[in-house]
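Subject: Structure handover and notes on salt bridges

Hello,

Here is the structure for you to look through. Please open it next to this email and follow the residues as you read.

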Amino acid sequence: MSTRYPFTAVVGMDDLRLALLLNAVSPAVGGVLVRGEKGTAKSTAVRALADLLPEVPVVAGCRFSCDPAAPDPQCPDGPHGTGAATSRPARMVELPVGASEDRLVGALDIERALAEGVKAFEPGLLAAAHRGILYVDEVNLLHDHLIDLLLDAAAMGASYVEREGVSVRHAARFLLVGTMNPEEGELRPQLLDRFGLTVEVAASREPEQRVEVVRRRLAHDDDPAAFAARWADDETALRERIVTARALLPQVTLGDAALRQIAATCAAFEVDGMRADIVMARTATALAAWAGRTEVTSDDVRQAALLALPHRRRRSPFDAPGLDEDKLDRTLEEFAGDDDSPEPEPEPDPDPDQDPDPDPGPDGGGPDGGPGGGGPDGGGGVPPQGGAPDASAESSRTDPEGGREDAPEGARAPGAGAAPEQAAVRAAEPFRTKALSVPGLGEGAAGRRSRARTEHGRTTGARRPRGALTKLHLAATVQAAAPHQRARGRSGPGLVVRRDDLRQATREGREGNLVLFAVDASGSMAARQRMGAVKGAVLSLLLDAYQRRDKVGLVTFRGSSAEVALPPTSSVDAAAARLEQLPTGGRTPLSAGLLKAHDVLRVERLRDPSRRALLVVVTDGRATGGPEPLALAARAARLHAAEGTASVVVDCEAGPVRLGLAAELARDLGGTAVTLDELRADSIAGLVKDVQTHRAHRRAA
């Protein structure tokens, strides 16, 4: 067995280590969601936590890890008497992104259940994680229905498995930890709310701290056992402190003043529902126990808010998690003290142009922020959380020629042969769009856009199972077995079922697609009001893609070439950020944009053949630069049509005289064209039908 990297040897990441330790003290806090860029040791810290947890006493031979002092009365392996008890280390169970539902919750042997009436149950990962840690790396890439099952079990402390009237229930209480890279897509707000705490992690920008990270990592890789031995005393001390805090937790008092601060804070930040209040109360109590106190203080409430509220304030996929600490301090101060004291007048919000205080650097103290817990190299401490991570700087609003955002649109740089690059224009307000879908029946990842054969949805038929049976079609199974009952010697009421009789249910639901945007950013699109409307339309389609669980990509073309502004990703907010920063100006290399989109789609078909694509070209249809630019664009469009790519052209042409070039481009693509006005939900009722009609006409031709 490989030696894990010690928890106390992790450099920095104070918020993450504190959140994990609080959940180790009180699993009722509800788990931790760790958000951060790649390569920040998120997984290393989580895996190291398992070695700090105390050993778990279990009933000998119980596959569900029942506690000998209080065995589960509904345990499938029970009832448990006064048999032998044993102990084992706390487990850390990892849930792979590609896991099936049966792997997560367990599987029932349907054949034995039908033929013998026996509940033959094979436990899943939820049973294995009971009284330990369940770790989900890249939780944002997990299928939504698996996340729902996982969070339901975490909330209820039990897992229920039901298949065709056969039901099994077992205890499933675990410390849930999920990690994710926001660049690869966000979780739905409803799922974010189910995680108790969240922390943002980022690589340190301090050279000395980065040096220490590399030094320790190399030392561990060279000799893991010797490196772990160096940190053994600190690991033991931290493990004992967790045990002490767990024992103290029931004695901690949460007074009315602290409760009032918690409620006022959640109300001030307009957090939905009551889960935030409950999580804050449990977190503040765990913080007091961790500090060795029996009463919750205002500092505990503040720290709990910083851990429990940022991810609950998102109202749209483009909102960044975060918390205004000045507002938090004002709220806590307003509701601190005597119950009868008059309420002060609310203070105005701070000037949004003012820079927040910079984050304090790590102090290298112990796990509670004090001295003495840092280990041999002074980096193992967990001080309270500091400020929010620094936001990235705003993109410049000036063009390369030094022009200002309010410069005349027709201005040209001296000696320039084409319209100069204009500064980025802010997108107009997004609106609700009508659904765009890919014709036909796909087999891609579960989503909400196009029709597909899926594991979940309405039952449309039955077939013989290929591999393990997952969804039984009961009526078809009985129909297959019925004619053979006399030949099989049936004598009792039970049905004699053979494996050949079993039928798998086929279901139809919805899939997510790859929506690739090809956006014209040339000089012909550079009018401010017009480009703002174009960006607003694309932003609206991105919101729609987020809701329908699509991957998105962004190709832009202007000047003399096209570029992939964003490779296909599940992170819709990353696409929105690139769109917001998109400058305009120059010629219109339409053919280059279509060819670049063709290259992107070709590569994605190799990576994920089951995910079908929808190409959305946002342009006025004009093409300039080079010989016969319109003919070149038409040939590039027919490449997409020949490969059967579903497409929509959003016609951005404006003014009293219109050339209709976007409609011609749509015909070459084998798709349909819509104007910006028609893209709105109340103006585009027949768009999906039009897409399918154009494809059908093209096949007939």
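This is a predicted model: local features need pLDDT of at least 70, side-chain atom pairs count only at pLDDT 80 or more; totals for chains, interfaces and linings use all residues.

Residues are numbered from 1 along each chain as its sequence is written, and side-chain values use heavy atoms, with hydrogens and water left out.

Salt bridges

Side chains of opposite charge can pair when their charged atoms come close. A salt bridge here is a side-chain nitrogen of Lys or Arg within 4 Å of a carboxyl oxygen of Asp or Glu. How many salt bridges does a search of the whole structure find? The search finds 30.

One of them joins D14 and R17, with 2.7 Å between the closest N and O atoms. Both residues belong to helix α1 (residues 14–25), and because they are three residues apart, about one helical turn separates them. Helices (H or I, at least four residues) and strands (E, at least two) are DSSP runs, numbered from the N terminus. D14 is buried at 16% relative accessible area, and R17 is also buried, at 1%. Buried means under 20% relative accessible area, exposed means over 50%, and partly exposed lies in between (1.4 Å probe, protein chains only).

Another salt bridge pairs R215 with E212, the closest N and O atoms being 2.6 Å apart. These two sit in helix α8 (residues 207–222), three residues apart, or about one turn of the helix. R215 is partly exposed, at 49%, whereas E212 is buried, at 14%.

The salt bridge between E94 and R47 has an N to O distance of 2.9 Å. This pair links distant parts of the chain, 47 residues apart: E94 is in strand β4 (residues 92–94) and R47 in helix α2 (residues 42–49). E94 is partly exposed, with a relative accessible area of 37%, and R47 is partly exposed at 29%.

There is also a network of salt bridges, which links R449, D544, R548 and D550.

A buried residue

Is Q504 buried or exposed? Q504 is buried, with a relative accessible area of 4%, and it is found in strand β14 (residues 504–511). Leaving aside residues up to four places away in sequence, Q504 touches several others, including G461, R463, P465, L469 and H473. Contact means heavy atoms within 4.5 Å.

Regards
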